[in-house]
Amino acid sequence: MTLSVTAPSLTTPSAATRQMADAWRRQTSLRRFYTVLGVGLLLVAMFASMWFADEANAGHFFDRLPHILDFLSWLIPKDWNDVWRALFDVASPHDTGTQEFNFPLGRVYVWGGFYIPEYFELMITTVNVALVSTFVGFVFAVPFSFIAARNLTPHPALRLVVKRFMELLRAFPEIVIAGLFAAIVSTGPIAAIIAIGLHSIGALGKLFYEINENIDMRAEEGLRAVGGNWFERVRFADLPQVLPNFMSYTLLRVEINVRASTIIGAVGGGGIGEELKLSISRGFGAKTLALVLLLFTTIFIIDQFSAWLRRKLVGEQAFMMGA
Amino acid sequence: MERQNMATMTAQEMLSIEERYPQVFRRPLYKRFAPLFLFVGILTYLVYVLWFFSLPQVLRESHWERLPLFLTQWISYDLQPEFRLDQPEITPRYPRFSALGENPNPDWVIRNPDGSFTVLIDGAAKSVTFDKALATIVANGQTVPMSLTSGKPVVAGPVPDWITVHDDEVVAKMGFVGEVRVTVDRVKVRKRFLGWANFVFDTRSPFFGKSAGEVVSLIVSGPELKPGTSNLALAGDNIWNNAQWQHGDVWTKLLQTIVMAFLGTLLGGIVAFPLAFFAARNITPSGVLSQVLKRFFDFMRSVDMLIWALFFTRAFGPGPLAGSAAIFFTEIGTLGKTYSEALENIDDKPREGVLSTGANGLLVQRYGVMPEVIPVFISQTLYQWESNTRGATIIGAVGAGGIGLKLWEAMRTNSNWANVFYMVLLILLVVFIFDNISNFLRRRLSRTIHDYNRLQAEQG
């Protein structure tokens, strides 16, 4: 074989090279144009949104900006020890009978002189709401997810019904369910549990059936071969495969539900959210700081604990995209 | 089936299987009983929660009968004419702001020639006819006359079970379509209609009570109903400012909610983007900085969106600005965390390649890192955008602007469930549309990511 290809000169490129370079340049400039256009549109939308949000707001951004620190000043208590006193319901020397410093009033006595401080009791309520509603979500989402998975469903029509139902539960605003049930079971944690629980069924169900659709079907086929019915196949072939992932998502849901339960609490669901809203709206510095500290610490601990547990359950993939 | 197979197995075979799989048959005690402990633990917790929320008591005291009532109010409305019998002449009276407008003359209220009235609640099959002395209720195939002359209504003959006789009032319940309440001095009727009343034009509008064809012809070629304004503009204004449905306000608030989610997520992404490079363990110039930033992200996330919303509502006043700021601050944490984790999972080879050409730090990030992570970043941002669009409704209810507060206020009185349902439908629509946009964009992006991975695999 003879080598007859002339080396492309760097100074005078061949026609073919020039053509290729031109094509490449055209392609990149087109892509760059699209990128600039996209970013430009996004920026326009962003500034329009900013203007709109500012117009619609009660106070305007640039009017209020210099006063941000004024607003923070009420937050700083005269006596920093009051934060601890508020947190643990210890009597404050500044107590003049107003609601701002009546810390011991909220004590929840359990046994003789032993009491649970008010805010801890409220935090427990909020966490319990989150745990129970996650439990409710899990209990219903597991069977629903097996019905809704394409590869495991007992009947395609049933699958469609369950899928749509879960979609509806997921998209339905929690606050409406909470408001509806507040009128039925009275305002308080039960309405919050129903609202968050129903939402959790939809949210967990979707994640669960997506896991179910990716399982290894060989175990299922094995059980089918020995004549296992639908329930037996799901229980002994599918559930063991997916349970660690289910638990991982459920723990993630606990984290989300603690936050949801706080927010629902603020609009009448009881628990720490309501107290925080009251405290901030009345401008109680020490109480607000105590509540924020407690809420922050609790959420932080739950997040870290759940992350640790999830890592143990399914490894690093628990933290992959979309989890 | 299984049992048959077991029966054909010899004891020796079973033993050998046990030998071969010790990890299945001889597990440590704690592992064997773990499910049991878990079960007992959950059961104990549930009993504790039952006590903690005093669930039996709450359920006993709750008003489940309200649920179907509220749910029917979502998709229906009622009219409640009242007829005074103690006046010289019987005249129907409607509550103020009734859905019929100022001069109601519905065809289901009939003035008979003899001075008595007939109200058709569900045609003639469910109706009430009355004068000052006698009321006759017809329903479920039965005709029940009652005399009104002896100080309290007296039902003649047996009382059917759909009629309740109180001290001075007789109540006839007719299911969904309504009810009749009779005392000696008045007859109250509640007639329920499926649908939403006056959804387009309210009773004050000049277009009220006109059919769609009439409205269209008025707009196209009718005389000006309000001098100086075209009929089209007037109709638009009437719809937008419909007093009962408040379309204008609802749609503006809905837009606020959408804007809150969009602005908060986008700004969060813009701030989190550069910070994530400094927080990623494999890219950061300093390990301390990485740790500080990661704790900062955790902090922003753990100070709940509610706390941010309450603070910013106090700082900026209620409105979408407060909501956007709350989502923005939470998103710095969430997106910062996910971005930096995506950066820590990148393939180092492109980076080394760019580095080997002698490029400076910024160029290495631009050409060695960004092509790999940008699709992942955008995908995660879209995911958060989607989730914030749902979440923005609820923080609105604490004063952070948007439709949440409006929704909450409509629910407070328990009387405006149709309006609530209208807003719910709009929210569902918005969530549905945005989910689909976000899913579409993410699917396209995941194709990009997929192509990228495939190319990398092919090129070894």
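**Notebook: two chains, looked up part by part**

I began with chain B, where the C-alpha centres of domain 1 and domain 4 lie 44 Å apart. The domain bounds I used come from an automatic or database domain assignment. This is a predicted model, in which local features need pLDDT of at least 70 and side-chain atom pairs count only at pLDDT 80 or more, while totals for chains, interfaces and linings use all residues. Residues are numbered from 1 along each chain as its sequence is written, and chains are lettered from A and ligands numbered from 1 in the order in which they are written.

**Entry: domains**

I noted the division of chain B into domain 1 (2–52), domain 2 (79–194), domain 3 (198–239) and domain 4 (247–458). For chain A the assignment gives domain 1 (18–66) and domain 2 (118–319). I found 37 Å between the C-alpha centres of these two domains of chain A.

**Entry: where the chains touch**

I looked up the contact next, counting two residues as in contact if their C-beta atoms, placed from the backbone, lie within 7 Å. Chain B gives 58 residues to the contact and chain A gives 50 residues. On the side of chain B that touches chain A, helix 14 (residues 361–400) of chain B supplies the largest share, 9 residues. Helices here are DSSP runs (H or I, at least four residues), as are strands (E, at least two), and both are numbered from the N terminus. I sorted that side of chain B into 39 nonpolar, 13 polar and 6 charged residues. For this sorting, Ala, Val, Leu, Ile, Met, Phe, Trp, Tyr, Cys and Pro count as nonpolar, Asp, Glu, Lys and Arg as charged, and the others, Gly among them, as polar.

**Entry: helix 7 of chain A**

I checked the span of helix 7 (residues 174–185) of chain A: its 12 residues reach 16 Å from first C-alpha to last, close to the 16 Å expected at 1.5 Å a residue. The expected span is 1.5 Å times one less than the number of residues. Is this helix mostly covered or mostly uncovered? Helix 7 of chain A is mostly covered, with 11 of its 12 residues buried. I call a residue buried if 20 or more other C-beta atoms lie within 10 Å of its own, exposed if 12 or fewer, and partly exposed in between, with C-beta atoms placed from the backbone. The buried residues include A:Glu174, A:Ile177, A:Phe181 and A:Val185. After helix 7 of chain A comes A:Ser186, with a positive phi near 70°.

A:Asp89 follows helix 4 of chain A and has a positive phi, near 60°.

I then took helix 5 (residues 118–148) and helix 11 (residues 272–282) of chain A, which pack at about 130° with their axes 8 Å apart. That angle makes helix 5 of chain A oblique to helix 11 of chain A. Axes are lines fitted to C-alpha atoms, for helices over the stretch in contact, and angles run from 0 to 180 degrees between N-to-C directions. Under 35 degrees counts as roughly parallel, over 145 as roughly antiparallel, 65 to 115 as roughly perpendicular and the rest as oblique. A:Tyr119, A:Leu122, A:Met123 and A:Thr126 in helix 5 meet A:Ile272, A:Gly273 and A:Glu275 in helix 11. I sorted these contact residues into 4 nonpolar, 2 polar and 1 charged.

I placed B:Leu266 in helix 9 (residues 247–279) of chain B. B:Leu266 counts as buried because it has 22 C-beta neighbours inside 10 Å. B:Glu409 lies in helix 15 (residues 403–412) of chain B, and its 13 C-beta neighbours inside 10 Å make it partly exposed.

B:Asn140 is not a glycine, yet its phi is positive, about 50°. I found B:Asn140 in the loop between strand 7 (134–139) and strand 8 (142–147) of chain B. It is partly exposed, with 14 other C-beta atoms within 10 Å. B:Asn198 also has a positive phi, near 50°, and sits in the loop between strand 13 (186–194) and helix 7 (212–221) of chain B. B:Asn198 is partly exposed, with 19 other C-beta atoms within 10 Å.
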